[in-house]
Amino acid sequence: MSRAIFWILLALLVYFAVRAKLRAAARKHEMHVPPQRSAPPAAAIEDMTSCAHCGLHFPASEALHADGRDYCSPAHLRLPPHQP
Ligand SMILES: [Zn+2]
């Protein structure tokens with residue numbers, strides 16, 4: 001009878017050991033999956049514009065405006081617009 005109890009306990013031990021190992025492996029696999037990247041917040045997205053003289057692209061918030069055109073610097077503000 002004690003032999004039967006020994007084998008039952010051994011089987012339970014193996015069962016729980018295997019289950020713990022599988023759970024650890026599953027958790028490790030989950031960690032390798034890259035997290036879902038959410039879209040950047042709207043505040044991080046800035047409109048871009050290009051300089052009417054040199055064509056440089058830069059944030060619209062840094063633009064200098066003259067005659068309805070955007071310029072990258074005060075020096076280019078005084079120069080004529082780029083002719084394509
Ligand atoms: Zn420019």
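**A zinc site in a predicted model**

The four donor atoms around the zinc ion subtend angles of 97 to 120°, so their arrangement is tetrahedral. For four donors, that label requires all angles to lie between 85 and 135 degrees. The model shown here is a predicted one. The donors themselves are the SG atoms of Cys51, Cys54 and Cys72 together with ND1 of His76, and they coordinate the zinc ion at 1.9 to 2.3 Å. Read along the sequence, these donor residues follow the spacing C-x2-C-x17-C-x3-H.

The protein around the site has two helices and four strands. Starting at the N terminus, the order of these elements is α-β-β-β-β-α. Of the 84 residues, 12% count as buried. The accessible surface of the protein amounts to about 7,600 Å², and carbon and sulfur atoms account for 64% of that surface. As for contacts between residues at least 6 apart in sequence, 13% of them join residues at least 24 apart.

Next comes helix α1, which covers residues 2-32 and includes Val18. With 45% relative accessibility, Val18 counts as partly exposed, because the value falls between the 20% limit for buried and the 50% limit for exposed. Val18 also belongs to a nonpolar surface patch of about 730 Å².

The last stop is a loop between two strands. Asp67 lies in the loop that joins β3 (64-66) and β4 (69-71). The phi angle of Asp67 is near 55°, a positive value in a residue that is not glycine. Most residues other than glycine have a negative phi. Asp67 has a relative accessible area of 72% and is therefore exposed, since exposed means over 50%.

Note on methods: Residues numbered from 1 in each chain as written. Predicted model: local features only at pLDDT ≥ 70, side-chain atom pairs only at ≥ 80, totals over all residues. Heavy atoms only, no water. Donors = N, O, S within 2.8 Å, 3.2 Å for Na, K, Ca; no water. Tetrahedral: all angles 85-135°; square planar, octahedral: opposite > 155°, others 65-115°. Buried < 20%, exposed > 50% of the residue type's maximum accessible area, 1.4 Å probe, protein only. Contact = heavy atoms within 4.5 Å. Areas by Shrake-Rupley, 256 points an atom, 1.4 Å probe, with all protein chains shown as cover. Patch = residues over 30% accessible without salt bridge, like charges linked within 9 Å, V, L, I, M, F, W, Y side chains within 5 Å. Salt bridge = Lys/Arg side-chain N within 4 Å of Asp/Glu carboxyl O.
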